[in-house]
Amino acid sequence: MKRHEALVPLSHHHHHGLVLAQKLQKTEEKDKFREIMKDIEDFWENDGEAHFREEEEILLPLYACYAEIEDDEDIEKMLIDHTVIRGLIVKLRKLERFDYKVFQELGEKLHDHIRMEERVIFPKIESAVPDKELYKVEGKFHIDSYSGK
């Protein structure tokens, strides 16, 4: 799917989130708790947390200038997903013992959320917000820690 240049950094973050989601969905009881937690922490601290803030503080307010979002169920779902994912991160940080079901739950939620943003939210934004306005937000998103883009 062709993505507007200004949104490419967010799609890069999504790619790495999907890689983590896939790993989490395949987690089993025998897997190493500390290694998986390190992967989650690295993703969250380097990309995930900032990514959510940028969508909420930069992208959605811009979209709201050009589209009616008050009753938009997709935007509502996006924001609820952000809250649920943040909650799962907090829950995982509090675990004293390995609980692979929580890892799998985070993996599934992260996967479904990213797919929804790429397939539903971003196309809505690209069709509603004029190109020149999208280009104004280019460079306001943090650089992906994996790809450097």
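This is a predicted model: local features need pLDDT of at least 70, side-chain atom pairs count only at pLDDT 80 or more; totals for chains, interfaces and linings use all residues.
Residues are numbered from 1 along each chain as its sequence is written. Local features need pLDDT of at least 70 and side-chain atom pairs count only at pLDDT 80 or more, while totals for chains, interfaces and linings use all residues; side-chain values use heavy atoms, with hydrogens and water left out.

Helix H1 covers residues 8-25; helices here are DSSP runs (H or I, at least four residues), numbered from the N terminus. The expected span is 1.5 Å times one less than the number of residues.

Two packed helices are described by the angle between their axes and the distance between the axes. Axes are lines fitted to C-alpha atoms, for helices over the stretch in contact, and angles run from 0 to 180 degrees between N-to-C directions. For H1 and H2, the angle is about 145° and the axes are 10 Å apart. H1 passes H2 in a left-handed crossing, meaning that the near helix is turned anticlockwise from the far one by less than a right angle. On the H1 side, the contact (heavy atoms within 4.5 Å) includes Leu-10, His-13 and Leu-20, and on the H2 side Ile-36, Ile-40 and Phe-43 are among the partners. By class, the residues of this contact divide into seven nonpolar, five polar and five charged; Ala, Val, Leu, Ile, Met, Phe, Trp, Tyr, Cys and Pro count as nonpolar, Asp, Glu, Lys and Arg as charged, and the others, Gly among them, as polar.

Next up is H2 (residues 33-64) against H3 (residues 73-94), where the axes come within 11 Å and cross at roughly 155°. The two are therefore roughly antiparallel, a label for angles over 145 degrees. This crossing is left-handed. Among the H2 residues involved are Trp-44, Phe-52 and Tyr-63, which join a contact whose H3 side includes Met-78, His-82 and Ile-89. The tally is twelve nonpolar, one polar and seven charged residues.

H3 and H4 also pack at about 155°, with axes 10 Å apart, which makes H3 roughly antiparallel to H4. Their crossing is left-handed. Asp-74, Val-84 and Leu-88 of H3 are among the residues in this contact, as are Val-102, His-113 and Ile-121 of H4. The residues divide into 14 nonpolar, two polar and eight charged.

Ile-40, in helix H2, counts as buried at 2% relative accessibility. Leaving aside residues up to four places away in sequence, Ile-40 touches Leu-20, Leu-24, Ile-89, Leu-92, Phe-103 and Leu-106. His-16 is 24 residues from Ile-40 in sequence and 11 Å away in space, C-alpha to C-alpha. Arg-34, in helix H2 too, counts as exposed at 70% relative accessibility. Lys-30, in the loop between H1 and H2, is likewise exposed, at 66%. Its C-alpha atom is separated by 18 Å from that of Leu-20, ten residues apart along the chain.

Methods:
Angles under 35 degrees count as roughly parallel, over 145 as roughly antiparallel, 65 to 115 as roughly perpendicular and the rest as oblique. Buried means under 20% relative accessible area, exposed over 50%, partly exposed in between (1.4 Å probe, protein chains only).
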